[in-house]
Amino acid sequence: MQGCYAIVVRFVTGSGRREEFQGFLESIVPIALASPGCIQHDLFCSREHPNEFLFYEVWESKEAHEAHVERAEVGEWRKQLEEYLVEPYEAREWVPR
């Protein structure tokens, strides 16, 4: 896992849009998995807060993730993301130790 890079992204949507937002989040997973350098890309939902979602992503490197973010389809997806959120998304980067 040396050189590996993980990112955890937290999203919160409004109460009336949960299922629609979940489908929207699920739409990016196959795009990410097809991106060079993507090792893992999982979607989680909070048990305590059903409108809260999390992406757990593992990439070969930070550069691989940045290249994924630059893809046109990811750019389009990100433009639509804001319409679902009730607070800004939170992203944290992680590296192995």
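Which residue stands opposite C45 in strand 3? The legends below begin with the strands and end with the aromatic rings.

**View 1. Strand 3 pairs with strand 2.** In this predicted model, local features need pLDDT of at least 70 and side-chain atom pairs count only at pLDDT 80 or more, while totals for chains, interfaces and linings use all residues. Residues are numbered from 1 along each chain as its sequence is written, and side-chain values use heavy atoms, with hydrogens and water left out. The residue opposite C45 is F53 in strand 3. Strand 2 (residues 38-45) and strand 3 are antiparallel and share seven bridges, and they form a hairpin with six residues between them. Strands are DSSP runs of E with at least two residues, helices are runs of H or I with at least four, and both are numbered from the N terminus; two strands pair if DSSP finds at least two bridges between them.

**View 2. Strand 3 also pairs with strand 1.** Strand 1 (residues 5-12) runs antiparallel to strand 3 (residues 52-59), with eight bridges joining them. Within strand 3, L54 is the bridge partner of R10.

**View 3. F21 and F53 form an aromatic pair.** Ten aromatic pairs are found in the whole structure. The ring centres of F21 and F53 lie 5.6 Å apart with planes at 75°, so this pair is edge-to-face (rings of Phe, Tyr and Trp, the latter by its six-membered ring, pair if their centres lie within 6.5 Å; planes under 30 degrees apart are stacked, over 60 edge-to-face and the rest tilted). F21 belongs to helix 1 (residues 18-34) and F53 to strand 3, 32 residues apart.
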